[in-house]
Amino acid sequence: MSSAPPVEHFKGTGWEECDDFILSMHKRAFWEGKQRDSAWMADFATTNFSRKARLWHSRLPDDVRQDWSKLEAALLDRWPPPDDDEE
């Protein structure tokens with residue numbers, strides 16, 4: 001059996017780190033068979049926030065903290081891609 005895809009701690013340093021974190025969260029959830037379980041994904045993401053991101057996360061409303069769909073949108077609002085991002 002293969003190892004679980006790693007999810008690095010998200011520190012809140014910027015767009016690229018945010019994008020990598022979201023992608024790694026989706027890969028891990030798929031590996032776990034939890035890709036449609038927003039509560040599981042939000043709970044798992046909580047264990048991977050550190051530094052600025054942990055402080056930011058701690059101030060979010062409970063409904064956002066408990067639902068990956070809302071949390072992912074909040075992440076992208078807080079750490080958006082640069083306007084000139086062509087990737």
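**Note on a helical chain**

1. Arg51 is exposed, with a relative accessible area of 63%, where exposed means over 50%, buried under 20% and partly exposed in between, for a 1.4 Å probe and with protein chains only. Arg51 belongs to helix α3, which covers residues 51–58; helices here are DSSP runs of H or I with at least four residues, strands are runs of E with at least two, and both are numbered from the N terminus. The phi of Arg51 is near 55 degrees, a positive value in a residue other than glycine. This deserves a second look because most residues other than glycine have a negative phi.

2. The model is a predicted one, in which local features need pLDDT of at least 70 and side-chain atom pairs count only at pLDDT 80 or more, while totals for chains, interfaces and linings use all residues. Residues are numbered from 1 along each chain as its sequence is written, and side-chain values use heavy atoms, with hydrogens and water left out.

3. The secondary structure of the chain amounts to five helices and zero strands, so that the pattern, read along the sequence, is α-α-α-α-α. The C-alpha trace spans about 40 × 30 × 20 Å along its principal axes. For 87 residues, a compact globule would have a radius of gyration near 12 Å, and the 13 Å of the chain agrees with this; the radius is taken over C-alpha atoms, and the globule rule is 2.2 Å times the number of residues to the power 0.38.

4. Of the 87 residues, 36% count as buried. Among the contacts in the chain with a separation of 6 or more, 56% join residues 24 or more positions apart, a contact being a pair with heavy atoms within 4.5 Å.

5. Helix α1 (residues 15–32) has 18 residues that should span 26 Å at 1.5 Å a residue, and its end C-alpha atoms, 26 Å apart, agree with that; the expected span is 1.5 Å times one less than the number of residues. The buried residues of α1 are Glu17, Cys18, Phe21, Ile22, Ser24, Met25, Arg28 and Ala29, and their cover includes α2 (38–46) and α5 (68–78). When you look at their numbering, recall that an α-helix has 3.6 residues a turn, so residues three or four places apart point the same way.

6. Ser24, a residue of helix α1, is buried with a relative accessible area of 14%. Apart from its neighbours within four places in sequence, Ser24 is in contact with Pro6 and Val7.

7. Just after α1 comes Gly33, which takes a positive phi of about 75 degrees. In the loop between α1 and α2 one finds Gln35, which is partly exposed, with a relative accessible area of 38%. Once its neighbours within four places in sequence are set aside, Gln35 is in contact with Ala29, Phe30 and Met41. Gln35 and Glu8 are 27 residues apart in sequence, and their C-alpha atoms are 18 Å apart in space.

8. His57 is found in helix α3, and this residue is buried, with a relative accessible area of 3%. Leaving aside its neighbours within four places in sequence, His57 is in contact with Thr46, Phe49, Arg65 and Leu71.
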